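Notebook open, viewer open. I want to jot down what I look up, one item at a time.

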Amino acid sequence: MIWLAGSMALAVVLAVLQLSPEQLTVISLGVSAERWQLSAYLFMASWCLLWLLPYGYRLFFSPSGLASSSEVSASNQPLHHTQPLKKFSSQLASFLHTSQPIYALMMMSVFWLAIMMNSVAQRMVAIEQSVPRVISVEANVTPLGVSDRRLAFESDQQQVLKQGYRQLVTLHDIKPYTRQNNSALATQAEQNITTNTSQANTETNKTKSGTPAKQQLQHNPLSVDTSQLEHTLSITASTATNHSTNDQLPTTMTVMLSGYKPPLMALNDFAPDEQLRMQLQLSPIELLEDDSEGEFDEYRWLSSRHATAKAKVLSAEFDSKQKQQSTLRLWIDSKRFGLREHFIKLTENQQQVSSNDQLQHRTIPTTADAIAVTLSLLTGDRSLISNQITELYRFAGISHLLAISGTHVLFLAMLCAGLVTGLLTHFAPGFYRVVPRWQCAFVISVIAAFGYALFAGFDVPALRTACMLLVVGVLRYVLASASIFKVLLVLAVAMVWADIFVLWQAGFWLSFIAVAVLVIYSQRWEKDERLRPQQQQSDNVDSSKLSQVWQGIKQAVWGVFKLQLWMSLALLPISLWLFGQVSLWGFVVNLFAIGLFGWVIVPINLLAGVLHAALPNYPHISDSLWSGLFWLLQQLHSGLFALQSTWQQTGWIYASPSLVLLLLITLAAIPWILPKGILSRLLSLPPLLVIATMAIYQMQQQQNLLHIQVLTPPKQVKSAPLSATLIWHQQQSWLLLSAYPQTGYAKAKSNNNTKQGSFNTKPQALWDLQQQQQLTQSLYDQIKQQQIGHLTGVIVQTATPQLVTMVAQLRQMLPISYYWQAGLSANSSYVESKLASSGMTAQGCHVGLSWQSNIDHDYSSDSAKPREAQTKQGFMITAVTGWDEVQSESVWGCAIDLTTDAALDLPKSVRLATIDAAEAVNSGVAKAGQPQQFLFYSSAKPALGQLWNLMCEGDADIANKQTARHHWLSTSQASIDKQLVSNRQPLSWHILDESILPATLKQKQTHLYWQQQPLSVK
């Protein structure tokens, strides 16, 4: 009963979470969230009454109950008054006995309906408080807890953004921000017009200086129409103003606040007990595409934190800072904020002592990283942890140790209970006559556990441990026995009832499954552990003490190894499902790291935290303990860093199992988990055969498809101006890279003093060393997730030779056969110097350069070649632009033509159109047939399209539109003019990475122009 009800309840909540906001709005039938929540409470109350009805019958209407009540009131009640009561009790007993299955089904149905209504109500609350579009508002901002990230820059002189500010906040007194918003939009429009005009003039001058006189006299189809741009921006501004005034803004909102400008550095001192008036730009949270495997799901992450929108700080009135009324929650958050400030001072002191060494070895973990980890282990505050340490712990497989786990909570609970009971035993032993010692220890432990869980922000592992401690103590007090698995299931359902979005947190699944695995392990081998002392007593009667100690050490080491192996294998499927990759180094590192953290680092850290709170006037006592931890953690980080530097690309498992596969793995593992004799282990064979059949079928299907996938930069450097597309078919794979140093967020310094035609200078780096390593590692991980162990080639489509360092790093991780670089002739010495140690040479990506995967099919020949001559499918890559002989960077960009007759596996957002009827076809998988042509266009220089049009005038392929028309796949930062679209007439056009970087305004206008063309043209 409990298993069925709990499992179905979790399934119902998961089903509601899978619905999109549009689908949920339709299902809700226009009913508000308050009514859904009220209905959920009524159904839950009805379920409670149905559940208590049998117990009430046994208490009041059972024969023994009626007999006792009749004896008491026999002298006062007539006999005919008791007859209807006995008749009703007998009818109720007969109904409960004969209709028990129906009654149980009715109870479960009411329970599931209550769960469903509660889930819909919570999601409807989030939808009602969200914003439908980008709007500007001003509001009173109140922090919720401490900030996730602090605003930081590389240096005060350069003002290069290192890390943005991020804080979960609550908005009150929300009002439209109209007048200032209009002026800001007008200023932005004016800046865009000026920028585009100057860029157009620059590109025209460059083209005139680098092309023959005949080409200079041609009409310039890429000239910027500033009047049209100004008109569009004015419409956008007025539309935004009307929306901001007409939208019904909620009275309060919970949003994720972010800030990136240097004037906002004062946000780092924004304490939880303060309130500020800010001008904000609210934007809705975008849903992730269904096919975006491995990409960070911002919608789920923000929803799990109850944020209904994203807010970017436009300005803040720091003079209007006000204090809030003190509450328990604010007092706790203020203490966490104070601890952070104390650790920041410790970091500054350490940096002053060892500043020279840190400047020389910035990539090596420092004491500041150890301080950040210590703070995270104490309060769960990860705002000081660098991305380097996050990647280091992920490589070592010990990221779970950074979270506040059950070990932290249990140790602090035992420490507090031991201190209090020890004081009572010494000073007031008579107190145990009133309250037993174990009950006193239990109450203190529960208070300490829930207090620490509240102090740590009620993370799932901490809250689960505190609730489990409470439930176990209550069961012991009432002398009741219950299965630990049922307790876990009931606790999971209760947490989901309180917050359905907890199912979107990886910590929820890992926490409960890890506890269940530990319980299974203890029950599986507890019989062997009980028999071992008897065997040792019989075998070691005559053995020496030294041999006994040695035997004990071996058994302890074997027990730790066996437990770690059991946990690693049991959590491997769920870890792959949640993260897509698992480090095998975690099995080795966790053998000593769990003991080091659990028995040394965490106890000392908590003891130092207690002393810091108890003795605020003597901070040197706690600081001395923390200093020892800093040294210990720094030694650990140095060892892990040495391991990572040597074996970064080894020891990883990449896979993305589906829920069906996880279910089959669970079914196959059940006969091995249960004690011997309950189920035959041969029952594991059917699920294993199904898994093998699915794997073989999927391999055969994937082998015949040509895949095109957009790779996503990591979240911490998502603002980097990089676009990456992976193309692979069977054993051949190509990686297309494009960078935009002048259009992205992380802009490189432009060298305006460089004369026209002076090349082979050292280009300005696009990213710092750490960000580039993160980008390279992210690309490598996503490539390996597709089971690709070799890249046929890498093509850098933009004239950014800085990417050669990234290509060289990728070359160290996996083999690369070809490297095409746009604009190589002007940067040959720089590229060759970067490739000197890689053993790889670069080729200039210029017009006519091609590569073909299948020699049996010549794609460059006449398309009327008989289909029978095509023995197998393949693809061909050809560069259709790129004139590096012209001394102008604006025409070096390399557009790639992909021709294939293989079946296609494309992102679901891409819809292909047929040449005959120009009908959109859902992609997913496009069938094999006649060769299809794709154009990958990524240049941000308008002059490249202009020169392409001029060079292709009179081309027979252009005259015959049907043979030359491509499916266009452009990057978000590409610059495409209407004239280029009119001449080339793309069959279909899709912006691949628009979800990563917003598309440029010019490309949006051109794309809209293409969409409005008649079908006969398209």
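Which residue in β24 does Phe936 stand opposite? I looked it up, and Phe936 faces Leu969 there.

Before going on, some ground rules. I am working on a predicted model, where local features need pLDDT of at least 70, side-chain atom pairs count only at pLDDT 80 or more, and totals for chains, interfaces and linings use all residues. Residues are numbered from 1 along each chain as its sequence is written, and side-chain values use heavy atoms, with hydrogens and water left out.

**Entry: strand β23**

I stayed with the strands, which are DSSP runs of E with at least two residues, while helices are runs of H or I with at least four, numbered from the N terminus. Strands pair if DSSP finds at least two bridges between them. β23 pairs with β24 (residues 967-970) in the parallel sense, over four bridges. β23 also has β18 as a partner: those two run antiparallel and are joined by five bridges. One pair I noted there is Asp897 with Leu935 of β23.

Next I checked burial (buried is under 20% relative accessible area, exposed over 50%, partly exposed in between, with a 1.4 Å probe and protein chains only). Five of the six residues of β23 (932-937) are buried, so the rest of the structure largely encloses this strand.

**Entry: cysteines**

How many disulfides does a search of the whole structure find? It finds one. A disulfide here is a pair of cysteine sulfur atoms within 2.5 Å, and Cys845 and Cys894 sit at 1.9 Å, S to S.

**Entry: nonpolar cores**

A nonpolar core is a set of buried Ala, Val, Leu, Ile, Met, Phe, Trp, Tyr and Cys residues joined through side-chain atoms within 4.5 Å. The largest one has 50 residues, and Phe111, Val496 and Phe508 have the most contacts inside it. Several helices supply at least two residues each, including α6 (100-128) and α20 (545-579). α19 gives the most, with 10 residues.

I clicked on Phe508 for its contacts (heavy atoms within 4.5 Å). Leaving out residues up to four places away in sequence, Phe508 touches Val460, Ala492, Val496, Val502 and Leu503.
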